[in-house]
Every structure is written in structure tokens, then in C-alpha cells.
Amino acid sequence: MGDWKRFTFESRIAYFSMEIGLSNDIPTYSGGLGILAGDTIKSAADLNLPMVALTLASRKGYFRQKIGPDGWQQEYPVIWKPEQFMKLLPSKTLVTIEGRDVKIQAWIYKVKSPSGGEIPVLFLDTDIPGNAEQDRHITDELYGGDNRMRLKQEIVLGLGGARILDALGFRIRKYHMNEGHASLLTLELLNRSRIPFIENWEEPGLWDVRQVAEQCVFTTHTPVAAGHDRFPYPLVDEVLGEVIPTPLLRELGGEEELNMTVLALNLSHYVNGVAKKHGEISKALFPGFEIHAITNGVHPFTWASPYFVALFNRYLPSWAHEPEILVRVDTIPDEDVWDAHCGAKAYLFQYIEETTGVCLDPDLLTIGFARRAAAYKRGDLIFSDLERLLEIGSGKLQLVFGGKAHPHDQKGKELIQRITQKINQLRGQLQMVYLENYNMDVAYRLIPGVDLWLNTPIRPLEASGTSGMKAALNGVPNFSVLDGWWIEGHIEGKTGWSIGPPPTEMTVSENHTDEDAVDLYDKLEQVILPLYQNDRAGWVKMMKNAIGKNAYYFNTHVMMRRYVSEAYIR
Ligand SMILES: *Cc1c(COP(=O)(O)O)cnc(C)c1O
């Protein structure tokens, strides 16, 4: 009996996520969704919660990014070996894909907390001798391939995940679907709920939908209809086959096409969006469903730079287990906060010099912008009026960018190209760099090392956003459009600054780009730069507020306590 067997003694919450970002060495994440999953698991370990997490092994990772001389993103696989970090579990399971049997195995990785808590994470893998050659590649690339491949991956995650838990002897008290990718697990649960020995099996009433819903929790992350995974039924018939009767699947997953969000909504007793505003948007998108909101967080120990770890350890020693104590940040002397920040800034600047050859000036206000390069995040908003930008910022501020575009996202790649072209064009007038291959390691240096964290999404498309929470934890104030978590975290001139009008819109049809850009320039020029340059005490007060009024609350410990009391034990 392997030592993992002890994880099966107690019934657990099974947390399913297509991507999980635990550390940079395990490149099975693409962005915020995966990092959130990793941070969730780490906080669950810290809080000693009985959880087991599942994801795909993604043996070629997401991708490693290089940016060519023309500013165009190039992608390379990140080959990693599960056996270097994980143990292979003895039991396998089977799913049927395109009529073929596909075997699935699982690698176990243990997330251990200093508190003694431990969470097993299972990485599902189809690269097994005996599987058809094409099926061995299903778990290669995270979000790789076409819609058919996406469906195959979701079969492995949802159906395969539910089955392998059973094969290994795990007892599950709740299934938590982090986004709709894992919704197919509900089909397995439906079949288990079936009342046996009744002749007319086409009758949907025989599948106990309520009983399945009692077991399921669903977190939606997408604020637009087009963002939800959908599969045409002919494709579903070909790839998945008939796991439950087609009429029942259509009733639960959508009449026109199989919508993974609708399926999860129909089969979960608790559904939530990832910030208050996103909860409202989701309700408007899916009328008739009760949708709650639990705002995302970040794992404090993971995202505090070494300088702030040392600072917090010294003055607020229980902070990593009890981040609420950061509310007492005002007991830390100003000089020590500033010194910690200067350490983090020097650490980043050294990295920038090593990777790009550019030597930034530690005395200048340094603004950071890094996240997935998706068009809606508008990373180039700050370049709307170059003349104005130079007038305000030349010789006074510098900018650090980073972020990957999904390999199929032409608009995202064009965005990167536009940003890098501006960097070249303004060289000598405004110092800027684009850091390649934004990942957990780069984020860990970049976010704490800048003075101000910028975010400029088109409202209401930033469901939550979490990088701003990482910034706040390290005393970096946010300067952001009022969307996602920042609506809840923002106190003007105290925790940071807003960009543009208050958040009233429910759809993307209202666009405030010009207004946002003008507000961005005005505040930079009239409020932020003067404060940074002339009032050290005032700036450190902002830094402390970011910690004491944002970070103490926007973290995954607080978030997990809410999931437990509002979703898991209901
Ligand atoms: C935190 C993080 C993100 C999420 O950034 P947002 O600004 O919330 O979109 C994406 N990628 C990496 C590597 C991160 O660490």
C-alpha cells in the first residue's frame, strides 16, 4: 500500500481545474486561472482542509515565449518530466474517446504546508503504452489544438478525473469545478445516481439530478457568453458518445450545443462568480440561476517577495497563517517598509539587466504591467497619446511590461508587437522594457519590484484579476480601471487610484477608451508623480494601506474560509 492511501481515509473536497500553477517547475498553467488554483490548494493545505485536486499533466506545458526582433511572439514547448516531481499511482481508469478506449493514469504531487496540512494533487496523463498514438498526446499541450482536442481534454479531466478518484478509493464529499472545463464529471455522477433495475432507461427522471447537484460546487470565471466552452452536438456524439441519454444531456447542457457552463450551472447546488461585480454579470448572463460571489485571493507566502517575508516575519510573525493580521501594518516603521521595497526593486532591476541588458534607474517611478496579453486588457492604453505621455513622463518614469498571448490569439500577439514597437520608438526618451516569458518566477520578481501596478481592462471583462493583489501584498499600490476585485479594494488616494468612470456597465458595448486614457494621464501627472517625487511619507502611507487595507483581505486564506462556510459544508 502506497503512502498516498492515507489520503483516502477521510472524505475530501475534489477540486478540478484544467490548469494548476503550483510552482514554476511544473508548467501546467497559462495565467490567472491556474495561479488561482495553485494558491487555492496551498491555502487549503495551510488551513488543513481535506482536499484532493485534479488537473492534466500537460507534458509540453503551455509554452515558452520568445519575442522576435519584429516584436512577434514565438512559442516553444516546455518539456517537463512528471517523474521528477511526482509518483505514479497504481490504479488506472478508462474513458471512451471517438469510440476508442483511452487509459488514464495519475501522478501524485503533495502540497505540504508548514502547518502540517497536506493536499494531494493528481496530474492526469494519457501517455501510456497501449493507448492509440494520437490518444497519448491528449494531455500534451495545455489549451493546445482545436475544439475537438479541447473536448478530449475535458473528457479526460472531468470523466477520467471522477473515475480515477473512485478507482483509487478516494471518498468525495464535494466536487468543486474551477471553471466549466471539468463539467463532464457531472455525467459520471449522474450515472452513479441512477436508480437501477427500471426498464425504461430513456426516462430522464431516473437520473437523480438533485442528488448530483448536492455534491457539486461551480465557480465561473468568464464574464462574456463567447468565453464559455461550447461544443456542437455532432462533435459531442462523435467524440464523447452517449454517456447519458442525449435528451437528458440536452436538457441539462443546452438545446443547441453543449455549453459546459450551463451543464455545471444545472448540476451544482452552489455557484459563484469571482468578485462581486462578476457575480452580478454572471447573473445577467444566466438568468434564473442563483449565483453568489466569492472574491478571489492570492496565497500570501507564495507572493510576498523575500524582502517582505522578512519584514512581516519580524513585525507580524503570524502573517503567513493569519494574513488578516496585516491590518496592523501601521506598527511597522516607515523606513523598514521603504527599505523592503527598495530591496525588491533592486532584485527586479538586476533581473532586468541580466535578461535585457537594460539598466533602469532606481530613483524613477517605475510602473509595471504584466498579465496574459489579451486584447481586452489593453496593455497599450498608456500609448494612446505619445506626446502627452512623453510630456508627463520623459525622465520621470519608466515602464516594465510582460505577458504571453495564447498561440491562436492573433490580436494578443499584435498587442505585444505594438507595445514592443513603442518601446523601440521611444528609446532615449522613455525607458521601457518588455520581459519575455512571463511566468510565476518572472511575476515573483516583477510585481513586488515596481512602484505602481497598472491595469487597464475594458469593463466589465476583468472577472477578478489577482496580480493587483500580489502587488498590494508587497506594498505596491494599484492604478487601475474600476473592474473586478479593484472595485472592492479601491479607496481613492488611499489604497491606490482609479482610472476612468465608476463601474456601471454590464456589457462591453460601452467603451470608455478615450476617457480612460485622459484620466490615466491626468492622475499620473497631477497626483501620482508629485506624490512619489515630493512626499516620501505620503507614498509610504499608500504602501501601508495597500498592505493593511487590501492584502489583509484579498488573499486565498480568507477566500477559502468563505468557500468552506458558504459552499463546501452547506
Ligand atoms: C498572477 C498571475 C497572472 C494573473 O494576472 P492578472 O493581472 O490577474 O490577469 C497571470 N500570470 C501569472 C504568471 C501570474 O503570476
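Tutor: Domain bounds, which we need for what follows, come from an automatic or database domain assignment. This is a predicted model, in which local features need pLDDT of at least 70 and side-chain atom pairs count only at pLDDT 80 or more, while totals for chains, interfaces and linings use all residues. Residues are numbered from 1 along each chain as its sequence is written, and side-chain values use heavy atoms, with hydrogens and water left out.

Student: How far apart do the C-alpha centres of domain 1 and domain 2 lie?

Tutor: The chain is divided into domain 1, residues 3–268, and domain 2, residues 300–552. Contact means heavy atoms within 4.5 Å, and 28 residues of domain 1 are in contact with 29 residues of domain 2. The C-alpha centres of the two domains are separated by 33 Å.

Student: Which side chain has a polar atom 2.5 Å from an oxygen atom of the ligand?

Tutor: The closest residues to the ligand are Arg371, Lys377, Thr466, Ser467 and Lys470. A polar contact is a pair of N or O atoms within 3.5 Å; within protein, one must be able to donate a hydrogen and the other to accept it, and residues adjacent in sequence count only if both atoms are side-chain atoms. An N or O atom in the side chain of Lys377 is 2.7 Å from a ligand oxygen, and for the side chain of Lys470 the distance is 2.6 Å. The side chain with a polar atom at 2.5 Å is that of Ser467.

Student: How much of the accessible area of the ligand does the protein cover?

Tutor: Accessible areas come from the Shrake-Rupley method with a 1.4 Å probe, and for residues only the protein chains shown count as cover. On its own the ligand has 390 Å² of accessible area, and the share that the protein covers is 96%.

Student: Is Trp486 buried or exposed?

Tutor: Trp486 is found in helix H18, residues 486–489, where helices (H or I, at least four residues) and strands (E, at least two) are DSSP runs, numbered from the N terminus. Not counting residues up to four places away in sequence, Trp486 touches several residues, among them Asn478, Val481 and Trp497, and a polar atom of its side chain lies 3.3 Å from the backbone oxygen of Ser480. Buried means under 20% relative accessible area, exposed over 50%, and partly exposed in between, with a 1.4 Å probe and protein chains only. Trp486 has 1% relative accessibility, so it counts as buried.

Student: Why does Arg372 count as partly exposed?

Tutor: Arg372 lies in the loop between strand E15 (365–370) and H14. Leaving aside its neighbours within four places in sequence, Arg372 is in contact with Ser30, Gly31, Lys377 and Lys404. Arg372 counts as partly exposed because its relative accessibility is 34%.

Note on methods: Near = heavy atom within 4 Å.
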